[in-house]
Amino acid sequence: MAGPIRVLYVDDSKYDRELVRAAFRRTDGLELIEADSKAAFEALLQEGGFDVVLSDFDILGFEGTEVLERVQSTWPEIPVMIVTGTGTEEIAARLLTKGAADYIVKSTGNFAALPGRIREAAERWRQAQEKQAMAEELRKRGEEFRALAENAPDLIARF
């Protein structure tokens, strides 16, 4: 991945944003862009250019499921990671089933591990994009070969 991994971080808690900032300061190759409200999130999301979205689950005015749905409808290829201090296993399962890349319970240790988890999510996304591009290339080549074989006036032999 060329350049830093750009992370849109959505959280209305100043305290939690500072913990995430501290974790990012100790890590090269990550750029943190913060949204502290629904309006700020929506404006930044429209600008685009993010590699990962990291969102608190409980945000004033909306919740992580809405963030996930908005990102998926605007930039479906971007992985969304949800962090929470109040979530349950049921919420985690629901979010992961809906396509969240990760679900992280807020704790000092988990905040410190965020940069690594973000890199992993971005790498999984990159690999999925490469796999999709290769599959599309194979599909195109198959169509070309099939068209050639079906329309060739002479016998084609492959050795």
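Some ground rules. The model is predicted: local features need pLDDT of at least 70, side-chain atom pairs count only at pLDDT 80 or more, and totals for chains, interfaces and linings use all residues. Residues are numbered from 1 along each chain as its sequence is written, and side-chain values use heavy atoms, without hydrogens or water.

Helices are DSSP runs (H or I, at least four residues), numbered from the N terminus. Two packed helices are described by the angle between their axes and the distance between the axes. Axes are lines fitted to C-alpha atoms over the stretch in contact, with angles from 0 to 180 degrees between N-to-C directions.

Start with α1, residues 14–25, and α5. Their axes come within 8 Å and cross at roughly 60°. The pair is therefore oblique, the class left after under 35 degrees (roughly parallel), over 145 (roughly antiparallel) and 65 to 115 (roughly perpendicular). Who touches whom? Contact means heavy atoms within 4.5 Å. From α1, Asp 16, Leu 19, Val 20, Ala 23 and Phe 24 meet Phe 111, Ala 112, Leu 114, Pro 115 and Ile 118 of α5. That contact has nine nonpolar, no polar and one charged residues. Nonpolar is Ala, Val, Leu, Ile, Met, Phe, Trp, Tyr, Cys and Pro; charged is Asp, Glu, Lys and Arg; the others, Gly among them, are polar.

Next, α2, residues 38–47, against α3. Here the axes come within 11 Å and cross at roughly 20°. That makes the two roughly parallel. On α2, the contact uses Lys 38, Phe 41, Glu 42, Leu 45 and Gln 46; on α3, Glu 66, Val 67, Arg 70, Val 71 and Thr 74.

Last, the largest pocket. A pocket is an open set of points on a 1 Å grid over the protein atoms alone, where a 1.4 Å probe fits, with protein on both sides within 12 Å along at least five of seven lines; lining residues have an atom within 4 Å of a point. Its volume, the space filled by probe spheres set on the points, is about 170 Å³. α5 (108–151) and α3 (64–74) each supply at least two lining residues. The largest share, three residues, comes from α5.
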